[in-house]
Amino acid sequence: MLVHFIARGWLKARGKAITDSTHVIGAIRKMNRLECVGETLRHALAQLATVADEWLLTVVYRD
C-alpha cells in the first residue's frame, strides 16, 4: 500500500503517514460512495432478473 500511496503523491519518502488528513478522508469517502452505488445497482439488477428476466436481457444486450 505504501508504494501506491507514494506513487500517487500522498506520502513522501521517509515522511510520516497521517491517516486523518483531509485528502485521505475525502478519497476514502469517495470510494465508499462509489461502492454503495455499485452495490445498489447490483441489487436492483438482481431483483429485476427475478421478476422481469426477459425484459432485462433485451435492455442489457442492445447493440
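A salt bridge here is a Lys or Arg side-chain nitrogen within 4 Å of an Asp or Glu carboxyl oxygen. By this rule the count comes to one salt bridge. The model is predicted.

View 1. Read along the sequence, the pattern is α-α-α. The protein chain has 63 residues, and 5% of them count as buried. Its accessible surface comes to about 6100 Å². Carbon and sulfur atoms supply 62% of that area.

**View 2. E39 and R42 form a salt bridge.** The closest N and O atoms of the pair lie 3.1 Å apart. Both residues sit in helix α2, three residues apart, so about one helical turn separates them. E39 is partly exposed, with a relative accessible area of 41%. R42 also counts as partly exposed, at 49% relative accessibility. Buried would require under 20%, and exposed over 50%.

**View 3. Helices α2 and α3 pack at an angle of about 125°.** Their axes are 6 Å apart. On the α2 side, the contact is made by L45, L48, A49 and V51. On the α3 side, D53, W55 and L56 take part.

**View 4. A nonpolar surface patch covers about 890 Å².** Its members from L41 onward are L41, L45, L48, V51, W55, L57, V59, V60 and Y61. Two elements give two or more residues each to the patch: α2, spanning 22–51, and α3, spanning 53–60. Some patch members also belong to the helix contact, among them L45, L48, V51 and W55.

**View 5. V59 is a patch member in helix α3.** What is the relative accessible area of V59? The value is 31%, and V59 is partly exposed. Patch residues need over 30% relative accessible area and no salt bridge, so V59 passes the area cut-off.

Notes
Residues are numbered from 1 along each chain as its sequence is written. This is a predicted model: local features need pLDDT of at least 70, side-chain atom pairs count only at pLDDT 80 or more; totals for chains, interfaces and linings use all residues. Side-chain values use heavy atoms; hydrogens and water are left out. Patches are made of residues with over 30% relative accessible area and no salt bridge: like charges are joined within 9 Å, nonpolar side chains (Val, Leu, Ile, Met, Phe, Trp, Tyr) within 5 Å. Accessible areas come from the Shrake-Rupley method with a 1.4 Å probe; for residues, only the protein chains shown count as cover. Helices (H or I, at least four residues) and strands (E, at least two) are DSSP runs, numbered from the N terminus. Buried means under 20% relative accessible area, exposed over 50%, partly exposed in between (1.4 Å probe, protein chains only). Axes are lines fitted to C-alpha atoms, for helices over the stretch in contact, and angles run from 0 to 180 degrees between N-to-C directions. Contact means heavy atoms within 4.5 Å.
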